Amino acid sequence: MGREIRNKKYLMPEEMIPEVLQSGSYGVMASISEEGQPLATPIYYVWYKGCVCVHCGKEGHKIDNLGHNNRVSFVVVGKSISPEERCESAFYQSVMVNGTAELVTDEAQKVDILTALCQKYFNESPEKSRMSSKSASMHTLVYKIIPDQITGKLRTD
């Protein structure tokens with residue numbers, strides 16, 4: 001379990017967290033290599049059945065890192081307005097998910113997650129998304145991040 005948020009006045013109400021996770025444009029997944037080198041990767045994702053789900057190619061730094069250590073941190077920044085735009089302090093929403101990245105090996109679940117990704121990012125019909133997902137499934141890995149801890153920050157003042 002990670003540390004608690006230091007400044008409690010910015011703690012996001014729990015009921016807002018799924019909304020931020022569902023509506024975020026992309027997230028950043030942090031992993032660590034066998035040599036201890038951190039890697040933070042911007043990545044498309046979907047919030048699916050209580051897990052953050054991502055897809056990626058079958059090889060690369062992320063895959064190597066997850067093979068070594070599947071503990072990850074995933075951050076989504078929701079709505080934000082810079083101090084310059086507000087003429088005062090910043091407004092932002094962010095959610096951090098700490099957990100374990102598990103490779104999805106069940107083909108039906110993998111297709112369901114890829115379908116959800118297609119619908120989120122390409123606004124395709126469920127039928128077209130499912131067809132695209134079945135085709136992509138052969139060339140794509142899907143991981144689901146099973147949360148140990150989810151915290152949200154919200155600054156409105």
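Trainee: What share of the contacts in the protein chain with a separation of 6 or more comes from residues 24 or more positions apart?

Mentor: The model is a predicted one. Contact here means heavy atoms within 4.5 Å. Among contacts with a separation of 6 or more, residues 24 or more positions apart account for 69%.

Trainee: How many helices and strands does the protein chain have?

Mentor: Read from the N terminus, the elements run α-β-β-β-β-α-β-α-β-α-α-β. The secondary structure comes to five helices and seven strands.

Trainee: What percentage of the residues of the protein chain count as buried?

Mentor: Buried means under 20% relative accessible area. The protein chain has 157 residues, and the part that counts as buried is 39%.

Trainee: In which sense do strand β1 and strand β2 pair?

Mentor: Strand β1 covers residues 27-32 and strand β2 covers residues 38-43. Ile32 stands opposite Pro38 in β2. Over six bridges, the sense of the pairing is antiparallel.

Trainee: Which residue in the hairpin of β1 and β2 takes a positive phi?

Mentor: The hairpin has five residues between the strands. The phi in question is near 90 degrees, and the residue is Gly36.

Trainee: Is Ser33 buried or exposed?

Mentor: Ser33 has its place in the loop between β1 and β2. Not counting residues up to four places away in sequence, Ser33 touches Asn65 and His68. The relative accessible area of Ser33 is 10%, and the cut-off for buried is under 20%, so Ser33 is buried.

Trainee: How far apart in space are Tyr44 and Gly27, C-alpha to C-alpha?

Mentor: Tyr44 lies in the loop between β2 and β3. In sequence, Tyr44 and Gly27 are 17 residues apart. In space, their C-alpha to C-alpha distance is 6.3 Å.

Trainee: How are α4 and α5 oriented to each other?

Mentor: Helix α4 spans residues 107-122 and helix α5 spans residues 126-136, and their axes are 8 Å apart. The packing angle is about 125 degrees. Angles from 65 to 115 count as roughly perpendicular and those over 145 as roughly antiparallel. The two helices, α4 and α5, are therefore oblique.

Trainee: What is the make-up, by class, of the contact of α4 with α5?

Mentor: In passing α5, α4 makes a right-handed crossing. Helix α4 brings Val111, Asp112, Leu114, Thr115, Cys118 and Gln119, and helix α5 brings Pro126, Ser129, Arg130, Ser132, Ser133, Lys134 and Ala136. By class, the contact has five nonpolar, five polar and three charged residues.

Trainee: What is the C-alpha to C-alpha distance in space of Val111 and Lys134?

Mentor: Val111 is found in helix α4 and counts as buried at 7% relative accessibility. Apart from neighbours within four places in sequence, Val111 is in contact with Arg130, Ser133, Lys134 and Ser137. Val111 and Lys134 are 23 residues apart in sequence, and their distance in space is 5.9 Å.

Technical notes
Residues are numbered from 1 along each chain as its sequence is written. This is a predicted model: local features need pLDDT of at least 70, side-chain atom pairs count only at pLDDT 80 or more; totals for chains, interfaces and linings use all residues. Side-chain values use heavy atoms; hydrogens and water are left out. Two strands pair if DSSP finds at least two bridges between them. Helices (H or I, at least four residues) and strands (E, at least two) are DSSP runs, numbered from the N terminus. Axes are lines fitted to C-alpha atoms, for helices over the stretch in contact, and angles run from 0 to 180 degrees between N-to-C directions. Angles under 35 degrees count as roughly parallel, over 145 as roughly antiparallel, 65 to 115 as roughly perpendicular and the rest as oblique. A crossing is left-handed if the near helix is turned anticlockwise from the far one by less than a right angle, and right-handed if clockwise. Ala, Val, Leu, Ile, Met, Phe, Trp, Tyr, Cys and Pro count as nonpolar, Asp, Glu, Lys and Arg as charged, and the others, Gly among them, as polar. Buried means under 20% relative accessible area, exposed over 50%, partly exposed in between (1.4 Å probe, protein chains only).
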